[in-house]
Amino acid sequence: MDPATQSVTVAPEVDHPQPTASPIVNGGTNGQDEALAHESPAVEASSAGDAPAETHQAPKSYDDLFPSLPAAAPVTSAGSNPIGEWNRKPKLASSTVTQVFRIPEEERRDAASSGFGADDSYKQLKTVMDKTGAKIEMSSSRDQSLTFVITGKQEVVLRARRELLREFQTQANQAITIPKEHHRFILGKGGVKLQDLETKTATKITIPKQSESVNAITISGTKEGIEKALHEIRTISDEQSKQAYEVLSIAKTYHPFINGPNGEMARKIIGDRPNVRINIPPLSVMKDEISIAGEKDGVLAVKEQIEKMYKDMQRKFTEVSVEVKKSQHKYIIGPKGNSINEILTETGVFVEMPSSESTSETITLRGPQDKLGPALTKVYEKASSVVSYDVHCPNWLHKYIIGKKGSSIQKLTNELTKVHVEFVEAGDKIKVEGPPDEVERAREALESQAKELVEKTSFAEIIVDAKYHKHIIGKGGSTVNKIKQETDVMINIPDSELGVNKIRIEGNKEGVKKAKSELESLVSKMENEREKDMIIPSRFHRQLIGPKGESIQKLREDFPNVQISFPDVGSKSEIVKLRGPKDDVEKCSKTMTKSIRDLEESNYQVKVPIFKQFHKFIVGKGGATIRKIRTETDTRIDLPESGSESDMIAITGKKANVEKAQKELQQIQSEMANVVSVDIEVPSKIHNTMIGSGGKLIQSVMDDCGGVSIKFPPSNTNSDKVTIRGPKDDVEKAKKMLLEMANEKQLSSMSAEVRAKPEHHKFLIGRNGANVQSIRDKTGARIIFPNEKDTDRELITILGTKEAVAGAKQELEARIKGLDNVVEEVMTVDPKHHKHFVSRRGEVLRQIGDEFGGVIVSFPRSGVESDKVTLKGAKNCVEGAKTRIEEIVNDLNNQVTIECPIEQQHHRTIMGTRGSKIQSICADHNVQIKIPERNPVQNGAANGEEVNVNIIKISGQRENCEAAVEVLQALVPVDEEFEVPFEFHRYIIGAKGVKVRQLMDRFDVNIKVPPSEDQSNIIIINGPAKNIAKARVALEERVVELEKEKADRAAKSFEVRVEVNPEYHPKIIGRRGAAITQLREDFDVNVQLPKKGDPEENIITITGYEADAIKAKEAIMKVVNDLESLTKEEVSIDRRIHSMIIGRRGATIRKIMQDYNVDIKLPRDGDSDPDLVVIMGGEDAVLDCKDHLLNLAEEYMQEVQDKQWMEDYMKPASKENEGGPKKTNSKGFEVKGAPWQGASDEAFPTLGGGGMGAAQSSTPVWGPRR
């Protein structure tokens, strides 16, 4: 027995290690094995160690001069000790069992995704082991079938087998039609027989109910289980069938001959008897019987034929047994059992294989005696068609041989298609199987690769605390990836959550050594680092990071040793972690704190109450107005969402800018409406009671007064001033209410609460607040209803004096009680008015329901001739709704239609955007307006009617219609001419037309400015007459402003010319223009200096107000006079040392000028004397500076000369100047047999600076460049 083929032992005293699945490479295209026999499990080995490196004998002369370093001692390969013997019987009885079973490729659930990288199977296997407690070994065969070895207690093994079949095997379905009357025999008493059958076959059998008309029974499970179940069900059905049914006692060994290869013999026996069925048990069912069912004559004939065949076979057949290695059985079986069927077809001999659970290696051949020889020959041919070798290779190197996504090993298997390569997961070996010649080639290739990897690669493991793993990885893997790229190694860092602290490095030996050193240095550094948590509001995180991470990248560049970690996106954490050296962390923390203060300053926020109806003016046409305010004030302005009841506009930015934007918004509101602000005195001690719980009381006052803004002072100021802001009439109303409330609160104030269903609140409030107002007038109490934001929507609060609260409470409770009594009433409404109530999806009915406590109003369905209308709800609500419907009907009966002639070209203007103006008129005047269609419809012509497209029809009460006509006519646009001087037109229009659009949006008019080529002063304003008047006033004010600006520009254009020597111009400009900028700001003038080479390059022009220009001239002349009084000294200094005098970024020359209080001017490119340096300043200072410069020049010149001498000395002599000793034939020091001899120049390049024919190096050969 070859120990290398052992994989499983049944010996109880041996504790099996828990195996894992091995990656398999299939080089061929063979199919799956049929379930005729079981394959042996995957092979395991425990040999370990590296192969000894091969040494080369170097030439003696080179070896003497350069002895090699001592090589590592070869590691001996430990032989794999067998873990058990197949035929050894256990000495003691044990409850531990081992079971082997196989899943063919066609039944594998994951067959399509099998291959390298498909590790889901291993996860599933581990899950089953954890769940059942069994020890499971899985291997994949060359034909892609899976073999499982399960070890454990009997019940554990069965559970594990079921789980594995469910996870790895495709569950097939098959139906069989059985007569309905036979179903009960399959079920058995209480379904016991069916349960036994399902357990026995590991399938799910579904039998239709007795009430169902179908006869088909569905079987789900594995292929083998389905076959068993089908056999048993047919057997039961045939026994119960009224047709003939015979059971023949035929030894199991003869079943394959009666069935024949692929069932050919059974079909031949049946022949032309289609109504006869032969039921031969599958090979896995150990029964010595064959059943025949069908028509009586056919059954008897088939029975006779089978019995005759059986007797002949008993007389003529013999058998022979041979021993064949267990590992070679699968090659005899062949894919899908084809090899056994092939032998049976060609020789008539059946090859009986032991099951994979059995340890037997005996194969039995049964058939005619004269055919046994040829069959045996074929068996040996099949068995020896494949050989197997083990290639030693350390387990951790397997992945390098496999290659990325299996690319390397696939290249080998594509060339050697019949070779099967298996990488044993638990051992240091690679199994190779296939034809002998191809296996030999594959083994040589794999051994060569393994040897090369062992020589060139190594690994190292370092222990690192798991808390440092994320810092080693870096942001997005930046740190570890950098080390990988620099060292060309693979670094495996375990997940820190697992608690594993071992980091593994694999790759080339030098790279591993370098990477290990870097990681250890990094860890050592981190152990000495400090970590600091900064609490930064999450709203600033994105701004600190910056667009595309620019801001945080700059911060990281400034502090490269500090790691800055922001919380994950979506996390509510405000903690930003800093980690690094203590000093760097502190500096980085201070920098970030300053940035946060700046952000807080620039994120100052104020919410400004702007009445909802004025928001559109804040936005402007196409958003022009709000964009302008945002740009001018550098703030963010956010309006409430559409549909929101809030009128607050949020402004965010720097405090000064926010206040400026706030004033602009309030100014727009004040211009568009008569908004006033009033202060009243209310004792501070009653402020809280007036505001009410959660602001309910004061909110109800604001709602009642058209949404005015009421602002109470902060509680800590003790101020009595309360500010009311809003439209004038609403402010007066709110003022009166607040003063009344203040008096009530100061006298005596009580409160009470009552509850009512939210749907009844509108009825209690009444139309336009009439009902609640009547209670207020009657009792003097204030009643506050909850709003949408309140959590308790049923609670109604009553405030006032004790008597007033009691009276209001009694009145409310009486009305609420009446609302709880649901009644149903019927009223009559003329059918001609029904359409008015139910049109627009029942909008009128919805309004009535909302107004009267949710009363339900039902009109007859369309097509039903009835005038009955049903109302259902609370009694009071029904009465109110009934009265409201009668009012609407009365209004409809009294309606008139008035025609308003307006030319069709103006219809779109008076309609407004999406009909907004028309809708507003309809709502304000309670009328209906019909605008004629642009193109008259054909119905008018067909009925002989003439349609006038200029007539707008208005329907409603006469007085309402007349009022609507006046409003419509006022909306008809007219043209008006306004004279504005042509020179001001561009200021009226503004940049890209912004200002003229603002005027048009503000006054809802169209302003037409003539084109510039017309040179016309006439501007045309188009729009409603009322709006035109307002726009005209605004234009007149703008023209006045422009006239003033024109006069100011004329006054500011006074010009003064000053003659100044060009050499003083730089002093007037100053460093980076600082001096001239200060001059312009101090005197509010424009100072223009000429360009170099200008004909008037000594003339400086000053433009501004006359007085300011003269003052600026005086300031310039003072500077010139000061400069002219200075001493100027010229000194010649070698140009080569000018850069040394200047210093890095001018630091040296600036220090000299500061120390001596002088100005030093160095020559520019192109100057006639490049060595001339000019010094200006006080006489003594200039002389001292001159001496200092000459001393510096002397020192620097000596350094320049030394450097030049060294360069000349190191520079090789040219050929023309060669006058030294002649060349000799000496070759110098030589070494024979050196590795560079005979190699290419690329492998061993020559050193620069010498040698025959070598290119001259521009740098010295030895020593660094100075």
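**Exercise 1. Surface patch**

Find which residues form a nonpolar patch on the surface of this predicted model, and give their accessible area together.

*Solution.* 
Step 1. Trp1205, Met1206 and Tyr1209 make up the nonpolar patch.
Step 2. Together these residues have about 390 Å² of accessible area.
Step 3. Check the exposure of Met1206. A patch residue needs over 30% relative accessible area. Met1206 has 35%. It also falls in the partly exposed class.

**Exercise 2. A bridge within one helix**

Determine how Glu632 and Lys628 meet, and where the two residues lie.

*Solution.* 
Step 1. Take the distance. The N to O separation of the side chains is 2.7 Å.
Step 2. Apply the cut-off. A salt bridge needs the nitrogen within 4 Å of the carboxyl oxygen. The pair of Glu632 and Lys628 is a salt bridge.
Step 3. Locate the pair. Both residues belong to helix α23, residues 624-633. They are four residues apart, so about one helical turn separates them.
Step 4. Classify exposure. Glu632 is partly exposed at 41% relative accessible area. Lys628 is partly exposed as well, at 25%.
Background: side chains of opposite charge can pair when their charged atoms come close.

**Exercise 3. Asp638 and its partner**

Identify the salt-bridge partner of Asp638 and classify the exposure of both residues.

*Solution.* 
Step 1. The partner is Arg636. The N to O distance is 3.3 Å.
Step 2. Asp638 has 33% relative accessibility.

**Exercise 4. A bridge across the sequence**

Work out which parts of the chain are tied together by the salt bridge of Asp1159 and Lys1067.

*Solution.* 
Step 1. The closest N and O atoms of Asp1159 and Lys1067 are 3.7 Å apart.
Step 2. Asp1159 lies in strand β45, residues 1158-1161. Lys1067 lies in helix α40, residues 1065-1069.
Step 3. The pair therefore ties together parts that are 92 residues apart in sequence.
Step 4. Asp1159 is partly exposed, with 23% relative accessible area. Lys1067 is partly exposed, with 40%.

**Exercise 5. Network and total**

*Solution.* 
Step 1. Shared partners join Lys399, Glu461, Lys502, Arg504 and Glu506 into one network.
Step 2. The count comes to 38 salt bridges.

How values were computed: Residues are numbered from 1 along each chain as its sequence is written. This is a predicted model: local features need pLDDT of at least 70, side-chain atom pairs count only at pLDDT 80 or more; totals for chains, interfaces and linings use all residues. Side-chain values use heavy atoms; hydrogens and water are left out. Patches are made of residues with over 30% relative accessible area and no salt bridge: like charges are joined within 9 Å, nonpolar side chains (Val, Leu, Ile, Met, Phe, Trp, Tyr) within 5 Å. Accessible areas come from the Shrake-Rupley method with a 1.4 Å probe; for residues, only the protein chains shown count as cover. Buried means under 20% relative accessible area, exposed over 50%, partly exposed in between (1.4 Å probe, protein chains only).
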